[in-house]
Amino acid sequence: MHTEIDWKAYMDEVEGVVNGTLDYTQLKGDTGPLVYPAGFVYIFLVFYYMTDHGTNIRLAQYLFAGLYLTTLFLVFRIYSRTNKVPPYVFFFMCCASYRIHSIFILRLFNDPVAMAILFLAINLFLEDQWSWGCFCFSLAVSVKMNILLFAPGLLYLLLWRFGLLRAIPKLAICAILQVVLGLPFLVVNPAGYLTRSFDLGRQFLFRWTVNWRLLPEEIFQHRAFHLALLVAHLAALGLFALNRWHRSDESILSLLKDPSERKAPPQRPQVVFALFTSNFIGICFSRSLHYQFYVWYFHTLPYLLWCTPPKTLPQLLRVLILGLIELSWNTYPSTVYSSAALHVCHGIILLQLWYGTASSLDSQKEKQPLKKAE
């Protein structure tokens with residue numbers, strides 16, 4: 001079974017490249033113009049040739065099934081390093097989400113491709129392979145730019161690990177790869193490529209929104225509403241960076257120094273916590289979430305719910321929140337109630353991340369004098 005939404009459009013877009021069109025403004029499919037960076041084109045060109053110009057849907061589904069299993073392997077490897085989530089929760093990740101199975105196997109969206117590469121990058125960061133991790137992170141961005149929601153957390157981690165001067169080469173890897181991948185299109189029409197593939201002001205259709213159905217459409221489309229969400233997003237990121245990611249009494253500006261020159265080196269940050277919370281904050285304040293966007297954070301939800309001490313939230317409530325989020329994403333079309341439930345669940349997760357990690361930081365500070373006395 002295959003439910004067509006974007007696959008044919010993807011194939012039409014990359015077929016335009018096969019036919020010699022390198023002007024991004026001229027590449028389009030059934031659902032509109034090509035709006036993804038160049039990495040998407042190259043990866044889906046591979047799918048195009050492997051599936052007889054996109055006509056062998058069954059083979060494409062097998063390929064995406066393999067991608068799904070690979071994603072689970074990469075996610076489980078991350079979770080095995082954190083050792084925070086109880087084993088029974090992995091049942092929900094593997095078996096309990098119809099929407100995620102649909103996004104991978106039935107819809108063949110590009111979002112799972114970007115997320116699989118992102119999880120590979122996180123595995124590399126955990127192995128202290130920062131250069132290769134930055135390469136894979138940038139490759140994921142080149143498939144779909146939602147990966148940029150992880151970028152604030154990654155920037156913090158690079159500054160913590162290397163300081164400003166030594167972090168610049170890692171950031172250069174990310175930038176250079178974008179230029180190299182986009183070069184054939186940049187040469188022909190640089191403005192067209194940049195405005196189409198990295199369009200931050202893109203308008204979303206109200207009928208597809210999952211998270212803002214509770215608002216009138218005129219507010220949903222209003223620029224003042226978008227600006228308010230952006231301000232809230234940046235404020236939340238700043239608060240978490242200053243008070244949750246940064247684990248030192250020294251100013252966060254100390255991260256700009258070489259690690260060996262810091263007076264009081266910050267504690268080793270939780271790599272997964274910084275990246276996952278950075279992305280989740282972006283999800284909470286997103287201008288719109290469409291159904292395929294669920295994969296942007298679905299596999300991070302167990303960590304976000306179980307990374308805090310047990311007393312922060314009862315276990316049953318955590319499982320209930322997972323269920324309500326799943327129900328909200330499976331309600332089509334979305335309703336006022338499903339959108340409201342999604343926001344309530346997001347708000348609870350955000351608050352428990354803030355207060356739960358605060359209690360863990362306090363307990364760490366209490367233990368420090370004991371260690372000195374010993």
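I looked up Asp 111 and found a salt bridge with Lys 144, the closest N and O atoms being 2.7 Å apart. Asp 111 lies in helix α6 and Lys 144 in the loop between α7 and α8 (151-188), so the pair ties together parts that are 33 residues apart in sequence. I checked burial next: Asp 111 is buried, and Lys 144 is too. I note that this is a predicted model.

I then counted salt bridges and got 8.

I turned to Arg 81 and Glu 127. Their side chains form a salt bridge at 3.0 Å, N to O. Arg 81 sits in helix α3 (residues 57-82), Glu 127 in the loop between α6 (111-126) and α7 (130-141), so this pair ties together parts 46 residues apart in sequence. Arg 81 is partly exposed at 45% relative accessible area. Glu 127 is also partly exposed, at 37%.

Lys 8 is partly exposed at 41%, and Asp 12 is partly exposed at 23%. I traced a network of salt bridges here that links Lys 8, Asp 12 and Asp 30.

Last, I opened the UniProt record. Its unreviewed entry places "transmembrane region" at several stretches, including residues 62-79 and 171-193. I find residues 62-79 to be 100% helix and 0% strand, with end C-alpha atoms 26 Å apart. Residues 171-193 are 96% helix and 0% strand, with end C-alpha atoms 21 Å apart.

Technical notes: Residues numbered from 1 in each chain as written. Predicted model: local features only at pLDDT ≥ 70, side-chain atom pairs only at ≥ 80, totals over all residues. Heavy atoms only, no water. UniProt positions renumbered as here; feature names shortened; annotations may be inferred. Helix = DSSP H or I, 4+ residues; strand = E, 2+ residues; numbered from the N terminus. Salt bridge = Lys/Arg side-chain N within 4 Å of Asp/Glu carboxyl O. Buried < 20%, exposed > 50% of the residue type's maximum accessible area, 1.4 Å probe, protein only.
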